[in-house]
Amino acid sequence: MAFLVRPPRSTQVNHQVPLNLLSLFIMLFVNACTMQPEKPDYSVDLYSLARSATYTQRELINTQLDPTIEANEQRPQLLLASYCDLVKRRTIYAKVTPKSCGTQKPAIRHCLSEFHRCVRTCKLRSVECNVCEAPAISCISQRDD
């Protein structure tokens with residue numbers, strides 16, 4: 001009978017190679033995570049957009065018909081920005097887009113997305129939606145600089 005004889009095992013195990021690989025993997029993983037650009041979320045569900053369109057158009061008309069409200073006030077500017085955003089999202093059809101719409105900064109689009117989501121939760125035939133305007137105006141004024 002022939003027995004296979006194994007050579008004696010070395011008592012020293014080289015742990016350096018697995019540690020180097022693990023360190024390299026961790027460094028690459030952390031580096032890859034930090035290099036990913038933050039993708040802002042502008043998505044708003046259709047129901048919220050429809051409610052916001054109803055509210056925005058009604059309040060925009062009311063501000064245009066009220067002689068005491070000046071166009072350079074923050075509320076009409078918010079409503080116009082909301083209108084422009086809703087046109088851009090194809091929630092509102094506009095044969096002619098107002099010149100003031102232009103292009104909106106991503107930070108402003110984020111504020112308007114939050115506004116549209118907020119309007120979803122209020123009663124449209126009351127002043128309850130006014131609570132959505134103040135945070136949106138504040139958000140836009142902070143990011144408009």
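The questions and answers below move from the overall fold to single residues.

User: In what order do the elements of the protein chain run from the N terminus on?

Analyst: The model is a predicted one, and its protein chain holds five helices and zero strands. Read from the N terminus on, the order of the elements is therefore α-α-α-α-α.

User: What percentage of the contacts between residues at least 6 apart in sequence join residues at least 24 apart?

Analyst: Buried residues make up 30% of the 145 residues in the protein chain, and the chain exposes about 11,100 Å², of which carbon and sulfur atoms supply 60%. Among contacts between residues at least 6 apart in sequence, the share that joins residues at least 24 apart is 68%.

User: Which residues form an aromatic pair, and is each of them buried or exposed?

Analyst: A search of the whole structure finds one aromatic pair; its rings lie 6.4 Å centre to centre with 55 degrees between the planes, which makes the pair tilted, and its members are Y55 and F115. The pair links distant parts of the chain, since Y55 belongs to helix α2 (residues 46–65) and F115 to helix α4 (residues 106–119), 60 residues apart. A relative accessibility of 1% means that Y55 counts as buried, and with a relative accessible area of 1% the answer for F115 is likewise buried.

User: Which element gives the most residues to the largest nonpolar core?

Analyst: The largest nonpolar core has 26 residues, and those that touch the most other members are Y55, L78, F115 and V119. The elements that give two or more residues to this core are α2, α3, α4 and α5. With six residues, the element that gives the most is α3.

User: Which residues does F115 touch, leaving aside those up to four places away in sequence?

Analyst: F115 sits in helix α4 and is buried, with a relative accessible area of 1%. Leaving aside residues up to four places away in sequence, F115 touches S52, Y55, T56, L78, S82, C132, E133 and A136.

User: What is the relative accessible area of S52, and is this residue buried or exposed?

Analyst: S52 lies in helix α2. Not counting residues up to four places away in sequence, S52 touches S82, L86, F115, H116 and V119. Because buried means under 20% relative accessible area, S52 at 0% is buried.

User: Which helices are included in what covers the buried residues of α2?

Analyst: Helix α2 has 20 residues and reaches 28 Å from its first C-alpha to its last, close to the 28 Å expected at 1.5 Å a residue. Its buried residues are S48, L49, R51, S52, A53, Y55, T56, E59, L60 and T63. What covers these buried residues includes α3, α4 and α5.

User: Which residues does E59 touch beyond those up to four places away in sequence?

Analyst: E59 lies in helix α2, and a relative accessible area of 12% falls under the 20% limit, so E59 counts as buried. Not counting residues up to four places away in sequence, the residues that E59 touches are R75 and L79.

User: How far apart are the C-alpha atoms of Y47 and R117?

Analyst: Y47 is found in helix α2 and is partly exposed, with a relative accessible area of 46%. Y47 and R117 are 70 residues apart along the chain, and their C-alpha atoms are separated by 9.2 Å.

User: Within what arc do the buried residues of α5 fall, seen down the axis?

Analyst: The 14 residues of helix α5 (residues 130–143) should span 20 Å at 1.5 Å a residue, which agrees with the 20 Å between its end C-alpha atoms. The buried residues of α5 are C132, E133, A136, I137, C139 and I140, and they line one face of the helix because, seen down the axis, they fall within an arc of 165 degrees.

User: Which exposed residues does the face of α5 turned away from its buried side carry?

Analyst: The buried residues of α5 pack against α2, α3 (74–88) and α4. The face turned away from that buried side carries the exposed residues V131 and Q142.

User: What is the phi of R90, and where does this residue lie?

Analyst: R90 is exposed, with a relative accessible area of 78%. Although R90 is not a glycine, its phi is positive, at about 65 degrees, and the place where R90 lies is the loop between α3 and α4.

Technical notes: Residues numbered from 1 in each chain as written. Predicted model: local features only at pLDDT ≥ 70, side-chain atom pairs only at ≥ 80, totals over all residues. Heavy atoms only, no water. Phe/Tyr/Trp six-rings, centres within 6.5 Å; stacked < 30°, edge-to-face > 60°. Helix = DSSP H or I, 4+ residues; strand = E, 2+ residues; numbered from the N terminus. Buried < 20%, exposed > 50% of the residue type's maximum accessible area, 1.4 Å probe, protein only. Contact = heavy atoms within 4.5 Å. Areas by Shrake-Rupley, 256 points an atom, 1.4 Å probe, with all protein chains shown as cover. Expected span 1.5 Å × (residues − 1). Arc of directions from axis to C-beta. Core = buried A, V, L, I, M, F, W, Y, C linked by side-chain atoms within 4.5 Å.
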